[in-house]
Amino acid sequence: MVAQRHLTEDGGPDQESQHFVVAFPGHHRPWATWIARRLEAHGHRVTSHRWDPDRDESLEDALGDLLLARGRVLLVLSDWFFQLGPRREGEWNTVLRGFVAANADRFAAVNLTNRALLPATAVLEPVDLWGIAEQEAERRLLTRLSLEPTPRADTVASPSRYPSDAPAVWGEVPRRNSRFTGRDDLLNRIQESLTDVESGAAVCALVGMSGIGKTQLAAEYAHRFSPDYDVVWWVNSDQRGTQRDRFGELAPALGLRGGSEPGERIRAVRDALRRGDPHSRWLVIFDGWEDVEEATAMLPRGGTGHVLITSRNHGWRTVGEVVEVPVFRRAESTGYLMRRAPHITAEEADKVAVEFADLPLQMAHAAALLGEWQMPVAEYLDKVHSGEINPLDTTTELGDYPSSSLTSWSMFFNRVRDSEPRALELLKLCACFAPGRIPIGLVRGVAPADLPEQLRWIADNTPDWPRALDTLANYSVITKDSRSPSVAEGRESGPRQESVHMHRVVHGIVRQLTASDDREIHRDVVRQVLVGSNPGEPSDSRQWPRYAEILPQLEFSGVLESTDPRAVQLVLNSLRYCYNSGEYTVGMDLVGVVRAKWDELFAPDAPEMLELSARTTVILRASGRFAEAFDRDVAALALLEAQPEPDPIRLMTANAGLSSDLRFLGRYPEAYELQRDLVEVGRELLGAEEWTTLLAQHSLGVSLRLLGQYEKAYEVDLDTLRKREAVLRARHSNTLHSVNACARDLRLLGRYHDALARQELGVRTHIQVLGEHHPQTLWAQHNLVLCRRRAGTKGEDFGPVMADLLARHERVYGKSHHNNLMLVTDYGNYLRVHGDLGHAKDLLAEAEDTYRSLVGQAHPVPSGMQSNVGLLMQAEGNRDGALVLFEQALTGLRTLLGDDHPWTLGCALNASGGRNLTGRLEEAAELSRDTLRRARAVMGDDHPMTLSSQTALAADLRALQQREEADKVEEDALQKLTRTMGAQHQHTLSARQRVRPYWDFEPYLG
């Protein structure tokens, strides 16, 4: 062996540099990596070699190949190591006592298990590294290899963590499968696909058919490469609500202040992962994610972490790299079978693998049967071939699964029925839940007397429960979910929180093979359990995780087919949860299923159906589907009014929904008249200070604001605020909603400093009470920016604030939501004023097109948006094109809202400017004079709109050479601007500098 000598910093000789070959099974890659890096830190050369010799290769030859390299061979031992191949103990003992003993000076070993190794491993003198700290492990390693520590090695940073040290955050990753076999090349390919990405979060999707082993592969990756990450988080993604809830739970685990709502937490998590704060090395695994369209709103982007997805959907190619997961290679199949059933030969294992086409899920089941029962392979295959059961139709869940698997599983059921009948009862119960995650622990909360006789043992505190779970887990029928402490934050813990996971293929087989007369008994139990676990108030975000868990079970369990009032209430509460948590897509999917079931159970005018319609239209409006909401509300109201004695409260609620629809559709006078009547009805039926009455009064303020009656709106909103402060409390979310409304009214009235003072306090309170990312807080922050712009001095830069706010809006609402479009428009207007015409054009075009798709062209908002686009064209120098849009906007709003609405007056102000710039001076002055007259009558002499109209008229008069009148009009406007806004206000300065005033349209749907 050739050795090299290193020099120390003072020039003296250091210890000899040696070469080591670290041979390890893939299972122990983290340890091999750590050993290699520590030896390299002490100045030695290391070759890491994943060692998994083929079963047909001589063990002596395989070990001999390791000695072809110079230096010593360090074997990473555990009971796993001796299963490589797999091989019989006798073969290992023979080679250890012979070949290894003869070359003992070339071999060394470390031991990573507390279980006894083969006696003959004594020849390797393995040093025990199990369960000790890093410093001691390094000392033992160097001692075993007769190496002296190098002082400078302590300063060498390692990119990987010591394998025994857990990541800072470890979230619900399935327990490591001690029987996981092979797949080493696939795991290495996954790692390469994630680490080879140069910048931004890397995404890799494991794609393949059900039962192919995608979840097991992802779990093994998480365990095997965990030292490379500080955060490893597992997200069950087979249901959207469960996925969002689980991903959001990463926020408290990271110590983030993300609020209590899933949307808020998700936004906080994505931002933290993007920034790499508090951890830049992270891995998030989305298991069972089929909806590629959701990727934009969910996937962490821009950071340096990794995302691993398991899916049957090949569409993930548009998002990241896709790795096709194949069936086992034959050697992997036979190796797995022989490890779990050591009594079978390689030839027998090969026959089983052929029978079931190397499918990993069936390999696990067959190995469990063969290993547990010690059944001869010939007998097992005879039973499979003889068809002890009648063939059943293949379900959609089974896909390409071999039909012979049904016979294999039937054999298991028959055996368990005799040996572990309670495990079979538990399995039947699990089959009445939906596949995937099953909250089976909820059953333990039912009183024994309320359970059928054959299931009462579940509620008793007996060892039968864990024994039954263990039996099913041992046979690979279920896997037990593991919950990290961070996930349980703020929740009760105990047996009722136990859950298991059943693969959809296994679930389909179990349902086929357990179809019997007692199926309805088990379904009744599941329905009873779900109804009894109703979390309660859906607006309480603390209950949302439980709702997310229950939601997937409603249809499968038969809850939707029940007329039990408690079941009905659970369904309606679940829809309210979908609305309150922002899960509009999930909510509409649930609505469709519920309506299909309830149409057969209830009359169209039954209270249950009317309440379902109300819940539906709320979600439709929140989703921007205003016309659909209107049609449904009209139909529901007609049914209600047709009743002999309609419930007045229900009538009030139905009309309130209809009034909201009318507002969103731009039918403001109709909405106002209906809302005014609703307030009177509420006062008569419930009282002036009752919660529902105040809600109606708040909506009345919205209607008045949309009509342009800002003074009256402020009076109503201020009265609502005072009553809510008295009846509710100053920090109640409804009260804060009234704070926002009052501040908006004040700003629209031109009382900018009053609006700013109220809104600044309101935003601080919103953040304290609701959190920084709550939708209502974002609304308050949006209005605060507008208040500051209107009240501030000229030249203040609000661009960065608005950009940040827009990014948060998009994460909360999505790009096409009307609340987000308001800010898109305001930001586009701001950028236009400050010269970023390209970006402004993109934003305003996006907003205009989306508004038109939401509400159609014959609506005040798309009409007003034309005025904003006209201002942009004017800034670009296209004066003629701008004037066309100004005139179109003016005509549209005059038709829809009348000549005196503030929005119409604003468009008239812009149109007069457009006429002036295109040389139509007489027409410009005529329009300016008419606009000023109307503004004074509608908004008062000192309102900013009035003073802008007055300044514009002065400019038009001056252009017509009517200087004396122009000077008089201008001087009067300047005096009023100085008195009302101050000499340094931007409006005053612009007027003094004779800058033509303009009006930015602020879209608002209500």
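## Close-ups: a lysine, a sheet and some salt bridges

**View 1. Lys428 and its polar partner.** The side chain of Lys428 makes a polar contact with the side chain of Asp518 at 3.2 Å (a pair of N or O atoms within 3.5 Å; within protein, one must be able to donate a hydrogen and the other to accept it, and residues adjacent in sequence count only if both atoms are side-chain atoms). This is a predicted model, where local features need pLDDT of at least 70, side-chain atom pairs count only at pLDDT 80 or more, and totals for chains, interfaces and linings use all residues. Residues are numbered from 1 along each chain as its sequence is written, and side-chain values use heavy atoms, with hydrogens and water left out. Lys428 sits in helix H16, residues 421-430 (helices are DSSP runs of H or I, at least four residues, and strands are runs of E, at least two, numbered from the N terminus). Lys428 is buried at 13% relative accessible area (buried means under 20%, exposed over 50%, partly exposed in between, with a 1.4 Å probe and protein chains only). Setting aside neighbours within four places in sequence, Lys428 is in contact with Thr514, Ser516, Asp518 and His522 (heavy atoms within 4.5 Å).

**View 2. Arg422 and Asp464, bridging two helices.** These two form a salt bridge, with the closest N and O atoms 2.0 Å apart (a side-chain nitrogen of Lys or Arg within 4 Å of a carboxyl oxygen of Asp or Glu). The pair ties together distant parts of the chain, with Arg422 in H16 and Asp464 in H18 (residues 464-474), 42 residues apart. Arg422 is partly exposed at 36% relative accessibility, while Asp464 is buried at 16%.

View 3. Searching the whole structure turns up 64 salt bridges. One of them joins Arg625 and Glu628 at 2.9 Å, N to O; Arg625 is partly exposed at 33%, and so is Glu628 at 37%. Arg667 and Glu670 also meet in a salt bridge, 2.9 Å from N to O. Elsewhere, salt bridges with shared partners join Arg50, Arg176, Asp184, Asp185, Glu220 and Arg224 into one network.

**View 4. A five-stranded open sheet.** The strands run in the order S4-S3-S5-S6-S7, with parallel pairing (two strands pair if DSSP finds at least two bridges between them). S4 (45-50) and S7 (127-128) are the edge strands, each with a single partner, so one side of each has no neighbour in the sheet. Four bridges join S3 (residues 19-24) to S5 (residues 72-77), and Val22 stands opposite Leu74 in S5.
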